Amino acid sequence: MAKKSKFYVVWKGKVPGVYETWEDCKKQISGTKGAQYMSFPTLEEARKAYNSSYALYKGKKKKEPGLSAAELLKIGDPNMHSISVDAASSGNPGVMEYRGVDTSTKKQLFKQGPFPEGTNNIGEFLAIVHGLAFLKERNSDRVLYSDSRTAMSWVRKKKCNTKLQPNAKNRELFDLVERAVKWLEKNSYKTPVVKWETAAWGEIPADFGRK
């Protein structure tokens with residue numbers, strides 16, 4: 001079998017996400033005015049791009065091969081007095097699970113799933129909210145790291161803006177989404193939710209290691 005050479009990121013389309021074939025990508029952008037999409041040579045690059053802004057890649061044929069010493073110095077080191085959250089989905093939608101770990105030791109603090117039909121974005125959203133509730137319950141002053149800008153945006157807006165439709169198969173997952181949204185609406189929190197700088201620090205400690 002020939003080695004797969006391209007992965008496709010759809011930032012704006014029917015269902016944003018990372019796709020393994022042009023046909024799947026095309027279905028998501030067809031008929032979408034101002035569709036935003038691009039191909040990448042590896043799955044890791046595609047996932048990283050998806051969790052970033054389309055504006056950073058628009059008009060560029062290649063992603064810059066790394067950060068400069070000055071950029072690394074500016075970013076600095078992660079705050080180890082923190083927890084990190086992440087999700088993994090086999091397909092979009094597909095079997096999904098999420099978890100939170102101690103950033104320093106990588107000790108697993110909580111985990112949910114696998115759910116039979118979910119998306120990575122939903123998992124990342126639930127992971128952040130679960131982490132916020134976990135820290136608030138313990139009156140912890142730790143920081144929370146996520147590598148998903150999309151999920152962080154959903155949390156700020158107190159809305160899970162997924163295109164996935166509820167059905168019998170994913171009912172349990174959508175029950176959790178509803179609970180998460182209600183928690184955000186009814187609770188205040190002081191926990192800083194911070195973007196994990198993958199380019200500078202490597203994969204987030206909560207990563208499931210399936211890339």
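The structure is a predicted model, in which local features need pLDDT of at least 70 and side-chain atom pairs count only at pLDDT 80 or more, while totals for chains, interfaces and linings use all residues. Residues are numbered from 1 along each chain as its sequence is written, and side-chain values use heavy atoms, with hydrogens and water left out.

Helices (H or I, at least four residues) and strands (E, at least two) are taken as DSSP runs and numbered from the N terminus. Two strands are said to pair if DSSP finds at least two bridges between them. On these terms, 5 strands form an open sheet with mixed pairing, in the order E6-E5-E4-E7-E8.

Ala87 has Tyr98 in E5 as its bridge partner. E5 also pairs with E6, in the antiparallel sense, over 6 bridges. Here Gly100 stands opposite Phe110 in E6. The two strands E5 and E6 form a hairpin with 5 residues between them, and Lys106 in the turn has a positive phi of about 65°. As a general point, the side chains of a regular strand alternate between the two faces of the sheet.

Two helices lie across strands of this sheet. Helix H4 (residues 120-137) lies across E4, E5, E6, strand E7 (143-146) and E8, and runs at about 155° to E4. Helix H6 (residues 171-186) lies across E5 and E6, running at about 130° to E6.

Several residues carry annotations from a record. UniProt positions are given in the numbering used here, feature names are shortened, and annotations may be inferred rather than shown by experiment. An unreviewed UniProt entry lists Glu124 and Asp147 under "binding site". Although these residues are spread over 24 residues of sequence, they cluster in space, with a largest C-alpha distance of 8.5 Å. The feature "binding site" is also placed by UniProt (unreviewed entry) at Asp86 and Asp207. These residues span 122 residues in sequence, yet no two of their C-alpha atoms are more than 5.7 Å apart, so they gather at one spot.

The surroundings of these residues are described by accessibility, where buried means under 20% relative accessible area, exposed over 50%, and partly exposed in between (1.4 Å probe, protein chains only), and by contacts, defined as heavy atoms within 4.5 Å. Glu124 is located in helix H4 and, at 1% relative accessibility, counts as buried. Not counting residues up to four places away in sequence, Glu124 touches residues including Asp86, Ala87 and Asp147. Asp147 lies in the loop between E7 and helix H5 (149-157) and is buried, with a relative accessible area of 8%. With the same exclusion of residues up to four places away, the contacts of Asp147 include Asn51, Asp86, Glu124 and Lys195.

Asp86 belongs to strand E4 and is buried at a relative accessible area of 3%. Leaving aside neighbours within four places in sequence, Asp86 is in contact with residues including Arg99, Glu124, Asp147 and Asp207. Asp207 is found in the segment after helix H7 (198-201) and counts as buried at 15% relative accessibility. Asp207 touches Asp86 and Arg99, not counting residues up to four places away in sequence.

Gln165, in the loop between H5 and H6, is exposed, with a relative accessible area of 55%. Apart from neighbours within four places in sequence, Gln165 is in contact with Asn170 and Phe174.

Regarding cysteines, a search of the whole structure finds 0 disulfides, a disulfide being a pair of cysteine sulfur atoms within 2.5 Å. Cys25 is buried, with a relative accessible area of 0%, and Cys160 counts as buried at 13% relative accessibility.

How values were computed. Axes fitted to C-alpha atoms, helices over the stretch in contact; angles between N-to-C directions.
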